[in-house]
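Grab a pencil and let's work through a few exercises together. Each one has a task and then a solution in steps.

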Amino acid sequence: MNRRRFLTTMSCAVAAAALLPGCGNQTGTPPAASQSPVPPAPAAAQAGGSGFAVNELVIAQGNDPDSLIESGLTALGGIGRVVKKGMIVTIKPNFSVPRRPDEACTTNPKLVAAVVKRCLAAGAKEVRVIDYPFTAAAIVLEKTGMKQAVTAAGGQISIINSEDRFRPVEVKGAKVLKRTDFAKDVLEANVFINMPILKHHNMAKLTMGLKNLMGIVWDRGFFHRTDLHQAIAELATVRKPDLVILDAIRGITDHGPVGPGPIREYNQLVLGADQVAVDAYGAQLFGMKPAELEYLQIAAGLGVGQLAWEKLTVKKV
């Protein structure tokens, strides 16, 4: 890491500690499990194994959550391409802050509910919806509307803010994130769906799919103490999502990730199995060049996905 990047990362870490109470390991000390040798993530988890074509990107246009999910999934061939009878599905939205849905800081709960319903209709045994909020877990569940929406749809929602919800894994070939305590709900799922929101982030510039994965590790503080962008990229290699659904209906364009902030309406939903391509399209939609997001460049270099999203088969519905 060069000196400028080091100073930037360290200043961001200080800002994160002040702004986001509860970010990272809440005890303030590394969990004991991370100090001993740990097994790598299962090969199947590392591979992803999505039934969706990685060279396809679907852009659904509109603002009705249920219609967007229906048209988007249909264009990909239907949720049944990955969800089979008896499977466990884990969905990771972004409901990390206690904001109402209309404040556009968290994934639209109606989108999540629509995916839960379709997974269950495809035969899923369980659909688990998880996140690790910065603070005030009970308030977050209620204020975001996520608890009510997921429960009504038949899913199980939980806050993974205790160490026993994580398992240590090795991150193969990593320079920075050599091991981490990773959410069991994701590692043990047959299908993993990442459902971020497109919004501003004061440290990473934007938060979308790759940044959203920081909500499934125990010690997020480690990312800010070391090399944030490298660690985000390496985290994306642990358990690749079978599907990324980017909520780009509306999102804050400043003062993220906590907000409140100015809101822009994009009226889009972006779906794909290539997590870098989904984020790259989201960056361009926001008004940035994908290459401006350092973690995206690094992730592409690690083989996580395609930075040039326009080279994929793009379907607009």
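**Exercise 1.** Which residues in α4 are buried?

*Solution.* First, the ground rules: this is a predicted model, where local features need pLDDT of at least 70, side-chain atom pairs count only at pLDDT 80 or more, and totals for chains, interfaces and linings use all residues. Residues are numbered from 1 along each chain as its sequence is written, and side-chain values use heavy atoms, with hydrogens and water left out.

Next, the term: buried means under 20% relative accessible area, exposed over 50%, and partly exposed in between (1.4 Å probe, protein chains only). In α4, that gives Pro109, Leu111, Val112, Ala113, Ala114, Val115, Val116, Arg118 and Cys119 as buried.

**Exercise 2.** Work out how the rings of tyrosine 132 and phenylalanine 166 are arranged.

*Solution.* Rings of Phe, Tyr and Trp (its six-membered ring) pair if their centres lie within 6.5 Å; planes under 30 degrees apart are stacked, over 60 edge-to-face, and the rest tilted. The structure has four aromatic pairs. For tyrosine 132 and phenylalanine 166, the centres are 6.0 Å apart and the planes sit at 55 degrees, so you call this pair tilted. Tyrosine 132 is in the loop between β3 (126-131) and α5 (137-143), and phenylalanine 166 is in strand β5 (residues 166-170), so the pair ties together parts 34 residues apart in sequence.

**Exercise 3.** Now classify the pair of tyrosine 132 and tryptophan 218.

*Solution.* With centres 5.8 Å apart and planes at 15 degrees, the rings of tyrosine 132 and tryptophan 218 are stacked. Put together, Tyr132, Phe166 and Trp218 make one aromatic cluster.

Technical notes:
Helices (H or I, at least four residues) and strands (E, at least two) are DSSP runs, numbered from the N terminus.
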